[in-house]
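Thanks, everyone. I'll keep this short: the ligand site, then the aromatic pairs, then the backbone. Please have a look at the model.

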Amino acid sequence: MEFRDLKKQYQRLKPQMDDAVQSIMSCGTFIGGESVANLERRLAAYVGVRHCITCANGTDALQLALMTWGIGQGDAVFVPDFTFFASAEVIALVGATPIFVDVCEETFNMNPQCLEEAIRNVLSEGRLHPAAVIAVDLFGQPADYDRICEITKKYGLLLLEDGAQGFGGSIRGKKACSFGDISTTSFFPAKPLGCYGDGGAVFTDNDEWAAVLRSLKVHGKGSDKYDNVRIGLNSRLDALQAAVLLVKLEAFVRYELEAVNQAAALYQKDLSGHVQCPTVLEGFHSSWAQYTILLRDREQRDGLQSWLKQNDIPAIVYYRSPLHMQKAFSRCRSYCECRISTTLGERVLSLPLSPYLERDEIALITEKILSYPGHSI
Ligand SMILES: *Cc1c(COP(=O)(O)O)cnc(C)c1O
């Protein structure tokens with residue numbers, strides 16, 4: 001069994017996919033061109049924002065956003081303590097200071113109350129200037145933007161939505177990647193919308209920032225790439241990946257998003273009452289980048305993971321360590337207690353999931369979980 005079945009997806013999309021890739025190879029435009037422009041238009045329309053700027057990966061997308069805002073030395077940027085490393089790595093990369101914020105146990109997303117507490121603590125210490133919040137749509141569910149936006153407005157902070165795992169999610173019909181002043185996503189193959197390599201995108205309604213982003217991603221270009229008006233990156237999505245994504249986006253919109261929600265609902269039905277299942281908030285929709293359950297403690301989690309492995313079922317721990325305990329951040333100090341994020345790493349387990357996971361595969365997985373012999377689940 002695959003953890004995320006990309007082979008089955010390719011088999012299903014093979015005729016259109018092979019045509020799309022062939023046509024790029026025959027036409028000979030590999031960087032930029034019609035497929036990239038077309039994809040950017042479609043992504044912007046799907047998300048419901050004015051501008052989509054593609055780039056090389058989801059990490060660059062975040063960095064480009066921070067560079068656009070001129071965030072750097074002396075700035076504090078608030079980020080959840082429980083997320084993929086890149087969400088906070090980019091803060092340090094531009095010279096600013098990441099401030100780790102605890103998350104909610106039910107949603108795995110940033111706890112707005114802890115965010116406000118951390119902002120107040122940074123303000124009262126007076127050493128750093130609170131500049132921005134990076135909210136993450138972890139495992140596919142949008143962060144609690146109603147409350148987070150209230151706080152960013154109150155304290156005059158910019159909001160960056162890290163939608164690397166959130167593409168396709170929504171809150172009362174408003175799509176993920178439209179909640180930030182700038183939002184980003186990743187097209188890493190295992191993400192909800194993935195390509196066949198690396199890719200990413202930045203979304204914004206702001207015309208001025210969009211122009212700066214288009215410059216920054218091509219060596220800080222002015223009128224062309226040999227006229228350089230600022231220091232930028234070389235961060236492009238190539239034409240082959242754009243062609244792949246055009247095919248995948250259609251499938252994503254037509255049936256994949258619904259199929260993955262059905263798979264998650266089946267897990268929920270069979271597992272709730274036995275293990276702690278993920279909660280999707282009222283009015284929220286998840287794109288289910290992961291289906292992550294919570295076990296009692298490390299012993300039960302590790303035991304279940306190896307029991308599943310013996311039964312040829314791959315289950316993965318996302319994420320083993322909260323960010324504030326990563327060696328790379330050992331010199332950063334904390335501005336709020338990260339009580340939940342600290343224990344999550346011992347309790348989480350993500351189960352196989354994709355739009356192509358079959359009903360009988362889910363039945364087998366849940367049956368194996370419920371028959372875990374270690375001690376009762
Ligand atoms: C995957 C991921 C990223 C980085 O995306 P890449 O395309 O791998 O650079 C950033 N943030 C989160 C939450 C992610 O899951």
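Predicted model: local features only at pLDDT ≥ 70, side-chain atom pairs only at ≥ 80, totals over all residues.

Now the contacts. A backbone N or O atom of Gly58 lies 2.7 Å from an oxygen atom of the ligand. Next, the side chains. Ser186 places a polar side-chain atom 2.7 Å from a ligand oxygen. For Lys191, a polar side-chain atom is 2.6 Å from an oxygen atom of the ligand.

How much of the ligand's accessible area does the protein cover? On its own the ligand has 380 Å², and the protein covers 93% of that. As for the site itself, the ligand takes up the space of the largest pocket.

On to the aromatics. The structure holds 19 aromatic pairs. Here is one of them: Tyr255 with Tyr356, edge-to-face, 6.3 Å centre to centre, with 90 degrees between the planes. Tyr255 sits in helix H8, residues 239-271, while Tyr356 is in the loop between strand E12 (348-351) and helix H11 (359-370), so this pair ties together parts that are 101 residues apart in sequence.

Last, the backbone. Most residues other than glycine have a negative phi, and most peptide bonds are trans. Two places to check, then. Tyr318 and Tyr319 are joined by a cis peptide bond, with omega about 5 degrees. Tyr319 is in the loop between helix H9 (298-310) and helix H10 (339-347). The other place is Arg172, a residue other than glycine with a positive phi, near 45 degrees. Arg172 lies in the loop between strand E6 (170-171) and strand E7 (174-175).

Note on methods. Residues numbered from 1 in each chain as written. Heavy atoms only, no water. Polar contact = N/O pair within 3.5 Å; in protein donor to acceptor, adjacent residues only side chain to side chain. Areas by Shrake-Rupley, 256 points an atom, 1.4 Å probe, with all protein chains shown as cover. 1 Å grid on protein atoms, 1.4 Å probe; cavity = no way out; pocket = protein on both sides within 12 Å on 5 of 7 lines; lining within 4 Å. Sits in = over half its atoms within 2 Å of the grid points. Phe/Tyr/Trp six-rings, centres within 6.5 Å; stacked < 30°, edge-to-face > 60°. Helix = DSSP H or I, 4+ residues; strand = E, 2+ residues; numbered from the N terminus.
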